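Let's walk through this model one question at a time, beginning with a single side chain and working out to the whole fold.

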Amino acid sequence: MDSIGHGEKSLLLLLASDFDTLDIPKIPLRPADGFWLEIADSVKPGEHCRNRHSDEYSRMIKALGYFIEIIRGILITSRHFFVNMFFHILKVVGIKTKRKGAVTIQYPEQKKEIASRHRSLHRLVPNQDGKPRCVACMLCATVCPSECIYIEAAEDPKLEMQKYPSKFIIDIGRCCFCGFCVEACPEDAIRMDTGNIELAGYTRDDLIYDLDKLLK
Ligand code: SF4
Ligand code: SF4
């Protein structure tokens, strides 16, 4: 065997593997700029031509699915556009309809008025002396599903048996704005009626609201 050259060895290996003509690699005939060339491979040794065709069909079916979704998206956008335009034209010609065409608000330059019952950023209601009306009963902290209220109670030296919050912290980053704290408060000391919905911050610390911030 030592006397057999490299070319002869390859020929022997090819002959020994399989004699079925179906398994002989097919010569790629597509031109270099042909369709699907970016994913096309020539048939590899041992790969059956029939498998390769089924792969191509599944890829084409996938691509067809993408095209269908793109066309569906264009149709939905067009429908909204033409329906809105129709209602705006009706308004221009003086025909009143129940439905109005959608109007884009140029946020943040323009701001939409929010409903009076909208749950926005919390605030602590102050007493006449400016101190919080809260009596540190912990009901809001207990009912909060996000566990984002932290209160430390202290005794008020002026009023007997009266507590006040020496610390009242809400982690807005965890709050889900359910409003349970407002509902649970027996003193109406916490409200979510500031109308402030712009609560983004650069760090998590920016979303920690303490007594000073909540009393503003
Ligand atoms: S709104 Fe809900 S989640 Fe947010 S602080 Fe109040 S009880 Fe907790
Ligand atoms: S439920 Fe009201 S009074 Fe009680 S701790 Fe919360 S805010 Fe204060």
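Q: What pLDDT do local features need here?
A: Residues are numbered from 1 along each chain as its sequence is written, while chains are lettered from A and ligands numbered from 1 in the order in which they are written. In this predicted model, totals for chains, interfaces and linings use all residues, side-chain atom pairs count only at pLDDT 80 or more, and local features need a pLDDT of at least 70.

Q: How many residues apart in sequence are lysine 91 and glycine 101?
A: In space, their C-alpha atoms are 8.6 Å apart. Along the sequence, lysine 91 and glycine 101 are separated by 10 residues.

Q: Which exposure class does lysine 98 belong to?
A: Lysine 98 sits in the loop between H2 and S1, and its C-alpha atom is 9.8 Å from that of phenylalanine 87, 11 residues away along the chain. Because 4 other C-beta atoms lie within 10 Å of lysine 98, this residue is exposed.

Q: In what order do the elements of the protein chain run?
A: Helices (H or I, at least four residues) and strands (E, at least two) are DSSP runs, numbered from the N terminus. There are five helices and five strands in the protein chain. Read from the N terminus, the order is α-α-β-α-β-β-α-β-β-α.

Q: What share of contacts between residues at least 6 apart in sequence joins residues at least 24 apart?
A: A contact means that two C-beta atoms, placed from the backbone, lie within 7 Å. Buried residues make up 9% of the 216 residues in the protein chain. Of the contacts in question, the share joining residues at least 24 apart is 60%.

Q: Which residues have the most contacts inside the largest nonpolar core?
A: A nonpolar core is a set of buried Ala, Val, Leu, Ile, Met, Phe, Trp, Tyr and Cys residues joined through C-beta atoms within 7 Å. The largest one has 15 residues. Strands S2 and S3 each supply at least two residues of this core. Its members with the most contacts are Leu124, Cys134 and Ile190.

Q: Which residues come nearest to ligand 2?
A: A residue is near a molecule or strand if its C-beta atom, placed from the backbone, lies within 6 Å of it. Nonpolar here covers Ala, Val, Leu, Ile, Met, Phe, Trp, Tyr, Cys and Pro; Asp, Glu, Lys and Arg are charged, and the others, Gly among them, are polar. The shell of ligand 2 has 12 nonpolar, no polar and one charged residue. Of its 13 residues, the nearest are Cys134, Cys137, Leu139, Cys140 and Cys185.

Q: Which residues are closest to ligand 1?
A: By class, this shell has 11 nonpolar, two polar and no charged residues. From the 13 residues surrounding ligand 1, the closest are Cys144, Cys175, Cys178, Phe180 and Cys181.

Q: What is the phi of phenylalanine 177?
A: Most residues other than glycine have a negative phi. Phenylalanine 177 is in the loop between S3 and H4 and counts as partly exposed, with 15 C-beta neighbours inside 10 Å. Its phi is positive, at about 55°.

Q: What is omega for the cis peptide bond between tyrosine 107 and proline 108?
A: Most peptide bonds are trans. Proline 108 is found in the loop between H2 and S1. The cis bond joining tyrosine 107 to proline 108 has an omega of about 10°.

Conventions
A residue is buried if 20 or more other C-beta atoms lie within 10 Å of its own, exposed if 12 or fewer, and partly exposed in between; C-beta atoms are placed from the backbone.
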